[in-house]
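These are my notebook entries on one structure. I set out what I looked up, in the order in which I looked it up.

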Amino acid sequence: MEFVQSKLGRIVFARLNEDEDLLENINLAANQSNVKTGMFTLIGALKHATVGFYHEGKHETIHINGPLEIVSCIGNISLKEGKPFAHAHVALSDEKGDAKGGHVMPGCIIGPTGELVLIEAKDLHLTRKFDEKTKLILLSMEK
Amino acid sequence: MEFVQSKLGRIVFARLNEDEDLLENINLAANQSNVKTGMFTLIGALKHATVGFYHEGKHETIHINGPLEIVSCIGNISLKEGKPFAHAHVALSDEKGDAKGGHVMPGCIIGPTGELVLIEAKDLHLTRKFDEKTKLILLSMEK
Amino acid sequence: MEFVQSKLGRIVFARLNEDEDLLENINLAANQSNVKTGMFTLIGALKHATVGFYHEGKHETIHINGPLEIVSCIGNISLKEGKPFAHAHVALSDEKGDAKGGHVMPGCIIGPTGELVLIEAKDLHLTRKFDEKTKLILLSMEK
């Protein structure tokens, strides 16, 4: 375990609208509000979902038919190639209340609404770096 | 996607007690601490749950027998008819560890405890407005 | 419902690495960064999990085979016997996207990575106290 710390910055509220892509629009909210490092939570609903399951160096893709409640979508913002980048995981529930989940991939399409809250770390620019062993772009703890 | 931003305000910790209604008491914590706009997380346990699943303009009701762990309860606070109002989603788990979830409705009854953490947006008063198309009271991005 | 409030303090980002214990390392991050009261979120992946389900005064233990995505891990930090102590709940997903969850116990072993974000409550030292009725160490609302 390694850690870095900073002061807190701003809080940003964003509303995602019907047919917008979940991941793309968390990234867009971070970009447009200029949050370079931070954390977020989001609730709402999806028309359908595409999530990843990490196994031996890659994310296997799982498609989930909707409609679905976004029970939780949480994650963090750091810089990848100089731009704000969201790493997000999501829990979803169906019409029986049964829960599914995974790593948010492109292809999670917003239903009626998505409500994002983003909290900024002030004066901290965390980055992601490719890790040969896991084949993941891990969060770097270098300031 | 549209967004608004503000400074961060206070952090509030609340303990919900046995037989209290989850949604009612998140609202009560926001009201009594005077948090008009913010975000929250909560963990704890429920005796039983009532959650909603949005489908074609209404929340269908799902009753879930307990006891249940509150794996996550996250959401936001905004103003509805001038009073702090919580929009909350919940993930729950049963005695086998199987997860359920949905939109928090009245009728989620606290078991031994519920631990709420509420983060305030300072000088921001977001409101909810009825949306004809979705029949939902959506979070407005007007300051 | 009872509550206490304070100013916000720092934000801490920690990376948990392969084979580290989830709960132990959230506690370690809080200890080393000197966060005595706060809240956190974490996403990542586990090799396997051990979670608790509270029932009539004790946490029954559930073992979950992995690998698993950590869909969400949220909770709070308070002081127990003078040291920062994490109360954490976790939602997990398997290779089919099916979700499980519960109270985080020792024995949740990090897979490729775990990304923790910790938000500090400034000048607030919440403690935990044993409660005879529930047999739990409940979060005390005394400042």
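**Entry 1: How the copies are related**

I first superposed chain A on chain C, and a rotation of 120° with 0.0 Å of shift along its axis does this with an RMSD of 0.0 Å. The two copies are therefore related as by a three-fold rotation axis. I note that the model is a predicted one.

I then asked which C-alpha of chain A is nearest the axis. That atom belongs to Ala99(A), and it is 3.1 Å from the axis. I also compared the contact residues of the copies: 12% of those of chain A recur in chain C, and the copies use different surfaces.

I repeated the search for chain B and chain C. A rotation of 120°, with 0.0 Å of shift along its axis, superposes chain B on chain C with an RMSD of 0.0 Å. In chain B, the C-alpha nearest the axis is that of Ala99(B), at 3.1 Å. Here too the copies use different surfaces, as 12% of the contact residues of chain B recur in chain C.

**Entry 2: The contact of chain A with chain C**

I looked up the residues that meet here, and found 43 from chain A and 41 from chain C. The area buried between chain A and chain C is about 3,300 Å², and carbon and sulfur atoms give 65% of it.

Between chain A and chain C I recorded four salt bridges. Glu18(C) forms a salt bridge with Lys133(A), with the closest N and O atoms 2.5 Å apart.

**Entry 3: The contact of chain B with chain C**

I next found 41 residues of chain B in contact with 43 residues of chain C. These two chains bury about 3,300 Å² between them, 65% of it on carbon and sulfur atoms. Of the area that chain B buries against chain C, Phe13(B), Arg15(B) and Glu69(B) supply 23%, more than any other three residues.

The count of salt bridges between chain B and chain C is four. Arg15(B) pairs with Glu2(C) in a salt bridge, the closest N and O atoms being 3.5 Å apart.

**Entry 4: Salt bridges in the whole structure**

Side chains of opposite charge can pair when their charged atoms come close. How many salt bridges does a search of the whole structure find? Over all chains there are 27.

I examined a pair within chain A: the side chains of Lys47(A) and Glu18(A) meet in a salt bridge, at 2.9 Å from N to O. Lys47(A) lies in strand β2 (residues 38-55) and Glu18(A) in the loop between β1 and α1 (22-32) of chain A, so the pair ties together parts that are 29 residues apart in sequence.

**Entry 5: The largest pocket**

I ended with the largest pocket, which has a volume of about 420 Å³. Its lining has 18 residues, and those nearest its centre are Leu8(A), Gly9(A), Leu8(B), Gly9(B) and Leu8(C). By kind, the lining residues are three nonpolar, four polar and 11 charged.

I then asked which elements supply at least two residues each to the lining. They are β1 (2-16) and β6 (109-122) of chain A, β1 (2-16) of chain B, and β1 (2-16) and β6 (109-122) of chain C. The most comes from β1(C), which gives five residues.

Conventions
Residues are numbered from 1 along each chain as its sequence is written. Chains are lettered from A and ligands numbered from 1 in the order in which they are written. This is a predicted model: local features need pLDDT of at least 70, side-chain atom pairs count only at pLDDT 80 or more; totals for chains, interfaces and linings use all residues. Side-chain values use heavy atoms; hydrogens and water are left out. Copies are superposed by least squares on the C-alpha atoms of residues with pLDDT of at least 70 in both. Contact means heavy atoms within 4.5 Å. On a 1 Å grid over the protein atoms alone, a cavity is a set of points where a 1.4 Å probe fits but cannot get out, and a pocket is an open set with protein on both sides within 12 Å along at least five of seven lines; lining residues have an atom within 4 Å of a point. Grid points are joined across faces, edges and corners, and a volume is the space filled by probe spheres set on the points. Helices (H or I, at least four residues) and strands (E, at least two) are DSSP runs, numbered from the N terminus. Ala, Val, Leu, Ile, Met, Phe, Trp, Tyr, Cys and Pro count as nonpolar, Asp, Glu, Lys and Arg as charged, and the others, Gly among them, as polar. Buried area is the accessible area (1.4 Å probe) that two parts lose on being put together, summed over both.
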